[in-house]
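Please work through the following exercises with the coordinates at hand. Each task is followed by a stepwise solution.

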Amino acid sequence: MEPQLLHSVADGVATVVIHHPAKRNAMTARMWRALPPLLDALAADPAVRVLVLTGEGGTFCAGADISSLREAAGRTQGLAVEAEEALAAFPRPTLAAVRGYCVGGGCQLAAACDLRFADEEASFGITPAKLGIVYAASSTRRLVSLVGPATAKYLLFSGELIEAARALRTGLVDEVLPGGALDRRVAEFARILVSRSQLTQAAAKEFADGRDDRDAYWAEQARGGDTAEGVAAFLERRPPGFTWTASAAGRK
């Protein structure tokens, strides 16, 4: 099978799989280009409530396919940044499920997700210093926002890999799971996210990402049915039936 991004949608969860096992799921230029339009299509699908990004087999992503850097490193880096920004801008919750190597452009993609769950044997690294590449400013800022300047400098200056336990301590990872438990925990947590209010999630994602010009918009959206339904469901001890969606809000 050619290197590609595979995807499926089931029970509100879109799963995107980085598939290039011959090179530890390294991203080719074609794969970088394919990610933004794929994300646009999934964002437009009202059935998609959560997105999970993972790698084929025992590796998340070993970065950019080095063969694609030989003649056009700058262009490939630009494609990687475009893909990263498209992932960061995905309007619903995103979760990276990491096993094995999460290195270079792979770590760039994982950092662009809202959350990162990792197998205890996973390892993380950002390696431009090994290749003489200037890591993009936007990617550097995103990394600093996750782990702080000291750990970001450690990763960027050295290109060394860190284990999952250290990634958890620094904030690069949100949960570390013992062997064999990652898929089960990701599926369980995705179900939790699907059951929650899209209104809350959408507003929280914007606020957490630094947008500060839509307070009035979200206050107006909150005057709809989700808040009343959530309170009623809590008092009646039943699961809530939230109805707010971004597409419905856009039609108002």
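**Exercise 1.** Does Trp 218 count as buried or exposed, and at what relative accessibility?

*Solution.* The model is predicted: local features need pLDDT of at least 70, side-chain atom pairs count only at pLDDT 80 or more, and totals for chains, interfaces and linings use all residues. Residues are numbered from 1 along each chain as its sequence is written, and side-chain values use heavy atoms, with hydrogens and water left out. Buried means under 20% relative accessible area, exposed over 50%, and partly exposed in between (1.4 Å probe, protein chains only). Trp 218 has 7% relative accessibility and therefore counts as buried.

**Exercise 2.** Classify the ring pair of Trp 218 and Trp 244.

*Solution.* Rings of Phe, Tyr and Trp (its six-membered ring) pair if their centres lie within 6.5 Å; planes under 30 degrees apart count as stacked, over 60 as edge-to-face and the rest as tilted. By this rule there are three aromatic pairs. For Trp 218 and Trp 244, the centres are 5.7 Å apart and the planes stand at 55°, so the pair is tilted. Ring pairs also join Tyr 217, Trp 218 and Trp 244 into a cluster.
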